[in-house]
Amino acid sequence: MKIGMISFAHMHAFSYAKHLLADPEVEITAIWDEDHERGSKMANLFNCQYIDDLEQLLELELQAVVVCSENKKHKEHVVAAARAGKHILCEKPIATEVEDAKEMIQACEEAGVILQVAYPVRFAPAIQRVRELIRSGAIGEVVAINGTNHGQMPGGWFIEKELSGGGAATDHIVHVMDLIRWILHDEVKNVYAELDTKFYSIDVEDCGIVTLELESGIIVTIDPSWSRPKTFPTWGDVLLEFVGTKGTLSVDAFKQHSVYYNDTEKKIQHLSWADDMDQGLIADFLQCVRQKGKPSITGEDGLRTLEVVKAAYESDRLKKVVSINK
């Protein structure tokens with residue numbers, strides 16, 4: 001299977017490329033990146049062709065592409081790939097605007113190509129076990145959820161609103177919200193959010209609290225802050241606590257790790273020994289392409305989580321509850 005990579009702007013691109021090449025039947029044929037130096041470097045690293053013209057890359061006989069460009073550029077790149085007949089794995093969030101996401105989904109439907117959104121945390125073994133327990137009724141009826149997705153402030157284009165679409169809320173709400181939708185098969189009804197910039201001198205929010213009411217009546221709180229210091233032993237965390245009528249279930253998606261006291265780099269690190277969630281995401285996407293089936297994480301999944309993000313910004317702006325009407 002021949003795959004093209006569209007941009008290495010997002011740091012996840014490196015991991016995705018590594019896992020693509022771990023499949024003996026997969027070849028990364030070419031890389032496009034508008035940053036010539038970065039694209040050439042990655043092409044040398046992954047032993048493939050660097051192409052500085054996206055249209056030229058999409059003319060190649062590729063079965064699929066992986067889009068890891070800046071959030072704002074997802075629409076342009078996904079629509080172009082769809083019209084060229086390529087199946088697509090798109091980094092999250094699907095887009096920066098709801099209407100853009102809808103146009104991307106429509107373009108892929110019209111072209112008959114797969115659009116999968118990159119939510120790799122679904123493939124964390126601990127999260128999959130939680131889903132099994134919740135859906136089996138182990139803690140009874142879920143009445144409340146507390147979720148956090150803390151991280152280090154990534155810098156670069158992530159803090160340039162015209163490219164990212166926003167700060168920590170854009171970056172982190174979507175992961176937690178995708179897990180909640182996937183585990184409960186529930187949608188968001190009302191959103192109240194307070195967002196702010198407390199940790200860094202940047203032009204986008206770096207912290208906040210988002211409170212949600214699901215259609216079922218479940219109450220959810222999400223802390224999506226970039227609050228982890230540079231000395232934190234990993235990039236961040238994903239924590240969920242489900243409160244049920246028969247018990248409470250807590251999960252730390254990255255709990256399975258060893259502590260590495262790294263004197264060479266003068267830092268302490270968490271080294272995961274759990275199954276690699278990115279590997280699970282890539283394997284799932286490749287299987288979907290091979291079988292020409294429906295992706296396990298659809299464009300609509302990306303759209304629904306983006307709707308929550310946009311409602312959070314609107315709520316923060318208006319200082320009141322915002323309802324999501326589908």
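A residue is called buried when its relative accessible area is under 20%. By that criterion Cys207 is buried, because its relative accessible area is 11%. These values, like those that follow, come from a predicted model.

The closest cysteine sulfur to that of Cys288 belongs to Cys108, at 12 Å. A disulfide requires two cysteine sulfur atoms within 2.5 Å, and the separation of Cys288 from Cys108 is therefore too far for a bond. Across the whole structure, the search finds 0 disulfides.

Cys108 also takes part in a contact between two helices, as one of the residues of helix 5 that meet helix 4. From helix 4, the contact draws on His74, Lys75, Val78, Val79 and Ala82, while helix 5 supplies Asp100, Glu103, Met104, Ala107, Cys108 and Ala111. By residue class, this contact of helix 4 with helix 5 consists of 7 nonpolar, 1 polar and 3 charged residues.

A further site lies in the loop between strand 10 (219–223) and strand 11 (239–244), where Ser227 is placed. Ser227 counts as buried because its relative accessibility is 18%. The side chain of Ser227 forms a polar contact with the side chain of Arg228, at 3.1 Å. Leaving aside residues up to four places away in sequence, Ser227 touches His150, Gly151 and Phe199.

Methods:
Residues are numbered from 1 along each chain as its sequence is written. This is a predicted model: local features need pLDDT of at least 70, side-chain atom pairs count only at pLDDT 80 or more; totals for chains, interfaces and linings use all residues. Side-chain values use heavy atoms; hydrogens and water are left out. Contact means heavy atoms within 4.5 Å. Helices (H or I, at least four residues) and strands (E, at least two) are DSSP runs, numbered from the N terminus. Ala, Val, Leu, Ile, Met, Phe, Trp, Tyr, Cys and Pro count as nonpolar, Asp, Glu, Lys and Arg as charged, and the others, Gly among them, as polar. Buried means under 20% relative accessible area, exposed over 50%, partly exposed in between (1.4 Å probe, protein chains only). A polar contact is a pair of N or O atoms within 3.5 Å; within protein, one must be able to donate a hydrogen and the other to accept it, and residues adjacent in sequence count only if both atoms are side-chain atoms.
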